[in-house]
Amino acid sequence: AEAEAYAADVRERMNAQPTVDPLSLFDHVYAQPTPQLIEQREQIRAELAAAEQEGDA
């Protein structure tokens, strides 16, 4: 029973959907972000902000 409870707990934690900041995907791509990466990050940030504003309206 103890092993089954442990296994159920492990399965539950493995299947949990973590909350991830989409902009964090850009954080560790290169030691120094390229101009293109900075531009892409800004585009995503703007799209997320616009989508958030649409959701509030």
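E4 is partly exposed, at a relative accessible area of 48%. This residue belongs to one of the salt bridges in a predicted model, where its side chain meets that of R11 at 3.1 Å, N to O. The chain holds two helices and zero strands, and three salt bridges are counted in total.

Overall form
- The radius of gyration is 19 Å, whereas a compact globule of 57 residues would have one near 10 Å.
- The C-alpha trace spans about 55 × 40 × 10 Å along its principal axes.

Surface and charge
- Buried residues make up 5% of the 57 in the chain.
- The chain carries 4 positive and 12 negative charges, and the mean positions of the two sets lie 5 Å apart.

- D9 and R13 form a salt bridge in which the closest N and O atoms are 3.0 Å apart.
- The two residues are four apart in helix 1 (residues 2-14), so about one helical turn separates them.
- R13 is exposed, with a relative accessible area of 53%, while D9 is partly exposed at 35%.

- R45 pairs with E42 in a salt bridge, with 2.6 Å between the closest N and O atoms.
- Because E42 and R45 are three residues apart in helix 2 (residues 35-56), they are separated by about one helical turn.
- E42 is partly exposed at 39% relative accessibility, and R45 is partly exposed at 36%.

- R11 is partly exposed, its relative accessible area being 42%.

Key: Residues numbered from 1 in each chain as written. Predicted model: local features only at pLDDT ≥ 70, side-chain atom pairs only at ≥ 80, totals over all residues. Heavy atoms only, no water. Rg over C-alpha atoms; globule rule 2.2 N^0.38 Å. Buried < 20%, exposed > 50% of the residue type's maximum accessible area, 1.4 Å probe, protein only. Lys, Arg positive; Asp, Glu negative; His and termini not counted. Charge placed at Lys NZ, Arg CZ, Asp CG, Glu CD. Salt bridge = Lys/Arg side-chain N within 4 Å of Asp/Glu carboxyl O.
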